Amino acid sequence: MNLELLESFGQNYPEDFDGALDCVSIAVTCAFNRQGTLLAVGCNDGRVVVWDFLTRGIAKIINAHVHPVCSLSWNRNGHKLLSAATDNTVSVWDVLSGENDRTYRFPSPVLKVQFHPRSSNQFLVCPLKHAAVLMNTSGSHQVIPLDDNDLNIIATFDRRGKYIYTGNAKGRILVFKTENLELVASFRVTTGTLNTTAIKSIEFARRGECFLVNSADRIIRVYESREVLTCGKDGEPEPIQKLQDLVNKTLWKKCCFSGDGEYIVAGSARQHSLYIWEKSVGNLVKILHGTKGELLLDVVWHPVRPIIASISSGLVSIWAQNQVENWSAFAPDFKELDENVEYDERESEFDLEDEDKEKVDTKGPDQEDTEVDVTTVEPIQAFVSSDEEDEDLDALMYLPVSPEVDEPEEVWQGTGDGAVRVGLHATAGGQKLQDDGMTPAAAEKKRSHSNTDQLASSKKKKMKAFDILVTVFPCEEECRQLKNQKVNSTGIPQAVSLSGRVGNVMSSSRMAAVFAGQVFI
């Protein structure tokens, strides 16, 4: 399908509700792949459901974690999926096979994970009450430096992964080079006075150089990354747009750009409502209202089409444009009539040759011999970045679907082998067939093969687990416990156990409770 023809001449944003996706489990978070053909949904029972978005059917279910999935991220070609759960683990999955490649255990809950936009060997992890960590798939890691000693850190890659942007609860945004974590720019988000506001999230557009900052003062600020880098350290870049709900003073749960970067959608933290602004003008163009009383959990915009997916009450709601049938596209002379009209037939309408038709003299070269190139396939611009010429041929667009065939209760076999199946009892060559329609010798052979297959599959499914040693910073209410804990010769508290336990610093059950009760403001 030619995606260039899908862009309408009117508005390029969704207008109405277009159905829901039921994952059986309660959906918590979701993420599109780069082409928008697959949608991964993380559930509260630890499963990851991969939907074929074109057919709106489930393509694969991955039993990823035991605890709820809190964050998902696709790599560039769509073959790998990164997931984080509230059990302090981060896992890398092979989407095609559903196998676990690697698992990383952190000593604290993880709030967000993100694959590097251009590399599948690096990803970013934002633990709770800790500095962001730049991870490598081999298990090595680098802690991104802090500023203001504030541990409420959120971080994200820029559009191409050259820089890492971090924000803290004091309104400070830092920009680091990804290759050496060198600080290249910084600025502080203020509310117009000397007061600062906490940074909740930073999101980049797929097209252009803009990014948005969602802060606790209920204002979404849009900046240009070029201006931020030009201002350097302790700069004062001005936002190109400030978006907010002046009437209701809505607190925003999740914000993101459209696929072309021309629109911004923000989900309310109080109800299931989506606000859509036009970035260039800054005006509010549409408000999408869901069911009253529902709370919004996540919002994502389709990378190519004007479609939004939002999660509330355990379901994934799809918002799209109203499709109006336009028959004139098939027949230019076609006219729709509200009522019957008497038709006047022309005199020469059904003649084989129109005698009254004027002959038009065609002067000029004959164009029938012109060669038309029908073999060259031009890349779709929606799938190609501005610094690329060709599409990624290795990208995973769709998943093969294997049909589930129920085993029949009765198996009828032909008389050529001397076996006849009648009901649940049959014989073959004097031997009584079992319930599965096989002789005892064949059944024993099948069991031996199944045992070897199970051993091979168990060896294949053996995953690599890594324990990430990072310093755990306890919450304020845990500071009193630090006085009673032991210290080593350097005066630093005891090292954290890497099997998911926090030792004397904070118990694992306490951290799970802290994560569950975390209020994102």
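This is a predicted model: local features need pLDDT of at least 70, side-chain atom pairs count only at pLDDT 80 or more; totals for chains, interfaces and linings use all residues.
Okay, aromatics to start. If you search the whole structure, you get 14 aromatic pairs. One of them is F115 with F123, and the geometry there is edge-to-face. The ring centres sit 6.3 Å apart, with 75° between the planes. For anyone wondering about the label, edge-to-face needs planes over 60 degrees apart, so the 75° angle of F115 and F123 qualifies. And are those two buried or exposed? F115 is buried, and F123 is buried as well.

There's also a cluster to look at while you have the rings on screen. Y165, F187, F204, F211 and Y223 together make up one aromatic cluster.

You'll find L21 in strand 1, which covers residues 16–21. L21 counts as buried because its relative accessibility is 4%, and the cut-off for buried is under 20%. What does L21 have to do with A309? Well, in sequence the two are 288 residues apart, yet their C-alphas are 9.5 Å apart in space.

Now the backbone, and I know some of you like your phi angles. Most residues other than glycine have a negative phi. Here are two residues with a positive value. R218 has a phi near 70°, and R218 isn't a glycine. Where does R218 sit? In the loop that links strand 19 (210–215) to strand 20 (220–224). R218 comes out as partly exposed, because its relative accessibility is 30%.

The other one is D234, again not a glycine, with phi near 55°. D234 lies in a loop too, between helix 1 (225–231) and strand 21 (241–243).

Last stop, the charges. Which residues gather in the patch of negative charge on the surface? They are E325, E336, D338 and E339. Let me pick out E336 from that group. E336 is in the loop between strand 28 (315–320) and strand 29 (419–422). Its relative accessibility is 57%, so E336 counts as exposed.

Notes. Residues are numbered from 1 along each chain as its sequence is written. Side-chain values use heavy atoms; hydrogens and water are left out. Patches are made of residues with over 30% relative accessible area and no salt bridge: like charges are joined within 9 Å, nonpolar side chains (Val, Leu, Ile, Met, Phe, Trp, Tyr) within 5 Å. Accessible areas come from the Shrake-Rupley method with a 1.4 Å probe; for residues, only the protein chains shown count as cover. A salt bridge is a side-chain nitrogen of Lys or Arg within 4 Å of a carboxyl oxygen of Asp or Glu. Lys and Arg count as positive and Asp and Glu as negative; His and the chain ends are not counted. The place of a charge is taken as NZ of Lys, CZ of Arg, CG of Asp or CD of Glu. Helices (H or I, at least four residues) and strands (E, at least two) are DSSP runs, numbered from the N terminus. Buried means under 20% relative accessible area, exposed over 50%, partly exposed in between (1.4 Å probe, protein chains only). Rings of Phe, Tyr and Trp (its six-membered ring) pair if their centres lie within 6.5 Å; planes under 30 degrees apart count as stacked, over 60 as edge-to-face and the rest as tilted.
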